[in-house]
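Dear colleague,

I am passing a structure on to you, together with a summary of what was found in it. Please look through the sequence and the structure before reading on.

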Amino acid sequence: MKYVSLHHHSTFSYQDGYGPVKDHVQRVAEIGMDAMALTEHGNVTSHVSLEKEARDAGIKPIFGLEAYCAPENMRDTANRRKWHLTLLAETQEGYRNLMRLVSKSWKDGFYQWPTIHGSWLREYGEGIIALSGCLDSKLACDLLGGKGREFGREEDAIRTIHSFKRIFGDRFYLEVQQFPELKRAHQVNEWYEQASKRFGVPLVATSDCHYPLPDDNKMQVVLHAAGRGIGNVDTAESQWE
């Protein structure tokens, strides 16, 4: 079994990802991967560079998106938090649908960030593979709370799994990530393992990579500080932890 990075951010994930596309592609090729995805936050700006750099490096490019998602009525409420969802184009039609979703999120769904609604996923989900997303996903927040929810409920998480299965069928996967220092990650991963067996949804492992080299993590803290208007990097680092 070979590992491929399917949840990956470059500097085009503004105020979060670090490093040009070329550096990321060269790094994954260097450590033996034969493919990689780019899943920027809310945009597909890096896809042209990914195609060029991946071709030059002899690896397969996978075109994706980490989408901001929310119910259609949320723009008019005090709680405007967004859930994250990892989307990957499986086919040419899937890529066209990915472009449609991104365009609509900026044109019709923009408030705070470009936002995708559930009805759009049903309309434009053909040819797209969906991973349940990071710890800020709807499924994780339904299960454990977060993004405006103080507590989670297992029945809500189960309902969300069935909703995604109805939209994407066998193109829906439960996304597990290895962050050993985060208790929340352990809880989510353990529940996903059982849910995978119970509901017949396969697991996929991702790294949610935001920089090409381990020592670059300090730069992500700086980017977070800039994005949140925090003047002290040490303060930003403690909040990030």
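K60 counts as exposed, because its relative accessibility of 54% lies over the 50% cut-off. Please note that the model is a predicted one. K60 is placed in strand 2, which covers residues 60–69. Its partners outside the four neighbouring places in sequence are D34, A35 and M36.

Setting aside neighbours within four places in sequence, L6 is in contact with A37, T39, I62, T86, L88, L131, V204 and T206.

Turning to the chain as a whole, the protein chain contains nine helices and eight strands. Its radius of gyration is 17 Å, close to the 18 Å that the globule rule gives for 241 residues, so the chain is as compact as a globular protein of that length. Along the principal axes, the C-alpha atoms fill a box of roughly 45 × 45 × 40 Å. Of the 241 residues, 49% count as buried. When contacts between residues at least 6 apart in sequence are considered, 69% of them join residues at least 24 apart.

The surface and the charges may be described briefly. The accessible surface of the protein chain comes to about 12200 Å², and carbon and sulfur atoms account for 50% of it. There are 29 positive and 33 negative side chains, with the centres of the two sets 6 Å apart.

Which residues touch the most other members of the largest nonpolar core? In this core of 36 residues, they are L87, L121, I161, F168 and W191. W191 touches L139, L143, E154, A157, I158 and I161, when residues up to four places away in sequence are not counted. A second, separate core consists of ten residues, among them V25, V28, L38 and F63.

Finally, two residues deserve a note on their backbone angles. Most residues other than glycine have a negative phi. K147, however, is not a glycine and has a positive phi near 55°. K147 is located in the loop that links helix 5 (138–144) with helix 6 (154–168). The relative accessible area of K147 is 22%, and this residue is therefore partly exposed.

D208 is likewise not a glycine, and its phi is positive at about 50°. Is D208 buried or exposed? At 14% relative accessibility, D208 counts as buried.

Yours sincerely,
A colleague

Technical notes:
Residues numbered from 1 in each chain as written. Predicted model: local features only at pLDDT ≥ 70, side-chain atom pairs only at ≥ 80, totals over all residues. Heavy atoms only, no water. Helix = DSSP H or I, 4+ residues; strand = E, 2+ residues; numbered from the N terminus. Rg over C-alpha atoms; globule rule 2.2 N^0.38 Å. Buried < 20%, exposed > 50% of the residue type's maximum accessible area, 1.4 Å probe, protein only. Contact = heavy atoms within 4.5 Å. Areas by Shrake-Rupley, 256 points an atom, 1.4 Å probe, with all protein chains shown as cover. Lys, Arg positive; Asp, Glu negative; His and termini not counted. Charge placed at Lys NZ, Arg CZ, Asp CG, Glu CD. Core = buried A, V, L, I, M, F, W, Y, C linked by side-chain atoms within 4.5 Å.
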